[in-house]
Amino acid sequence: MLLSKYKGSALAALAGDCIGAEYEAAWQPVAYQTLMELEEILKNSQAASRRFLNYTDDTEMAHELAKSLVENGKFVAKDVASKFTKTFFTSPPCRYYGESVRTVFEKLQKASPFSDPFGPASEQFDGQGSYGNGSAMRVFPVALFCHGNQELLEKLAALSAKLTHVHIDAINGAKLQASAVEIALSSSDGSISWLEFWQKLKDLIDKFEVDVPEKVYTNKLDTIKELIAREEVASVHEFEDEVGTGIKATEAVCAAIYAFLMCLADRQPSELSSLSKVQQVVFYSISLGGDTDTIGTMAGAIAGAFYGDEGLPSYWLSACEGEDMARDLATKLHELNEK
Ligand code: R7I
Ligand code: MG
Ligand code: MG
Ligand code: MG
């Protein structure tokens, strides 16, 4: 069962990225009908013409991080920095990296062999560091690697973030997203309510934000609880106003958590009811709009870790570039964690 959760996390993260990337540029909510039309296309596509959805930077970086953890059996900052940088400069244009992170990789490459892996990230945005969601979008392998050890998870989520993102919101976003995947791995469908899941996240964020005066995540999690408990489902526009779906870690991470918890609370839209729970989470998260590939991948990583890989149809996965790699890395991280 745990192996199914590992695979579910990596594969749903991949599907969320690949499918979400189809709508990222639009920067507006995605209609359920549009998503269900894609579902029909995927279902009916010929085997020969499958695998037409490319993954983006979210998956590329997650897989490089996973490879490094598997090869070294531990987190080695220089190796992850080296893998991130090499992949960045050799990857095709369809990866759509964040606009500012290129500077980090240029500086890392210049100072190769990576003598100061955290230096360039700390110079971003006049020294305050990037608050982009890039730290959290790729963090799920840390949760799979650290499963059962929350202290190590928090440490490695922060360290892996700091290679490109040193802003406290980006670091806390990575810690929160990794923690959500860990809670999902450690619990099962039927054994935990959405409110209990939310409470576990809330307890953690209280700790992560203890020295953060603005308490952005704390406040957004409170809003999420209020929205889910409300009788009428909030419109996507209201969600956008109250929480956000943008490039900031504080927005995209909270949007992914909201999408997962809404489905756990059985408040997902009826238009998606013919789909499995994992599929519903991925589609619902993308329907929120904004940074759809990133919200899709993070919601997918949580949902797959919770529900396992059974609900992921082969016609979804065979449409996604990177399926074999995702499966292989999940299997290896599971083996490593068992030791
Ligand atoms: O966070 P990052 O890796 O971008 C990830 C996003 C995801 O949606 C991916 O799917 C991909 O499309 O990009 O990359 P960064 O370049 O560090 O941050 C992304 C953007 O956030 C930057 O280009 C800025 O526009 C904005 N940003 C900031 N703006 C002002 N001040 C990030 N930090 C700051 C800041 O401190
Ligand atoms: Mg992307
Ligand atoms: Mg983008
Ligand atoms: Mg994105």
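Axes here are lines fitted to C-alpha atoms, for helices over the stretch in contact, and angles run from 0 to 180 degrees between N-to-C directions. Helices (H or I, at least four residues) are DSSP runs, numbered from the N terminus. This is a predicted model, in which local features need pLDDT of at least 70 and side-chain atom pairs count only at pLDDT 80 or more, while totals for chains, interfaces and linings use all residues. Side-chain values use heavy atoms, with hydrogens and water left out.

**Helix packing**

Let's start with two helix pairs. Helix α4 (residues 77–90) packs against helix α5 (residues 101–110) at an angle of about 110°, and their axes are 10 Å apart. That makes α4 roughly perpendicular to α5, a label for angles of 65 to 115 degrees. The crossing of α4 past α5 is left-handed, meaning that the near helix is turned anticlockwise from the far one by less than a right angle (clockwise would be right-handed). Contact means heavy atoms within 4.5 Å; on the α4 side A81, F84, T85, F88 and F89 take part, meeting R102, F105, E106, L108 and Q109 of α5.

The second pair is α1 and helix α18 (residues 323–338), with an angle of about 145° and axes 9 Å apart. Here α1 passes α18 in a right-handed crossing. The α1 residues L2, L3, Y6, K7, A10, L11 and L14 meet a set in α18 that includes A326, A330 and L333.

**Buried parts**

A residue is called buried under 20% relative accessible area, exposed over 50% and partly exposed in between (1.4 Å probe, protein chains only). Ten of the eleven residues of helix α15 (residues 277–287) are buried, so α15 is largely enclosed by the rest of the structure. Among those buried residues are V278, F283, Y284 and I286. The cover over them includes α1, α2, α13 (236–242), α14 (249–264), α16 and α17 (314–317). Just after α15, G289 has a positive phi of about 80°.

Back in helix α4, K83 is buried too, at 14% relative accessible area. Leaving aside residues up to four places away in sequence, K83 touches E64, K67, S68 and E71.

**Magnesium sites**

Donors are N, O and S atoms within 2.8 Å of the metal (3.2 Å for Na, K and Ca); water is not among the atoms, so sites may look incomplete.

| Ion | Protein donors | Distance range |
|---|---|---|
| magnesium ion (ligand 2) | T56 (OG1), D57 (OD), D58 (OD), D293 (OD) | 2.0 to 2.3 Å |
| magnesium ion (ligand 4) | E24 (OE), D291 (OD), D293 (OD), T294 (OG1) | 2.0 to 2.7 Å |

Along the chain, the donors of ligand 2 follow the spacing T-D-D-x234-D. Two of them are buried: T56 at 2% relative accessibility and D58 at 1%.

The site of ligand 4 is octahedral, with angles of 79 to 173° among its six donor atoms; that label asks for opposite donors over 155 degrees apart and all others between 65 and 115. Ideal octahedral angles are 90 or 180 degrees. The donor spacing for ligand 4 is E-x266-D-x1-D-T. E24 lies in the loop between α1 (2–20) and α2 (32–44) and T294 in helix α16 (residues 292–307), so this pair ties together parts that are 270 residues apart in sequence. Both E24 and T294 are buried.

How far apart are the magnesium ion (ligand 4) and the magnesium ion (ligand 2)? They are 3.6 Å apart, and D293 coordinates both. The magnesium ion (ligand 3) is 5.7 Å from the magnesium ion (ligand 2).

Methods. Residues numbered from 1 in each chain as written. Chains lettered and ligands numbered in written order. Tetrahedral: all angles 85-135°; square planar, octahedral: opposite > 155°, others 65-115°. Parallel < 35°, antiparallel > 145°, perpendicular 65-115°, else oblique.
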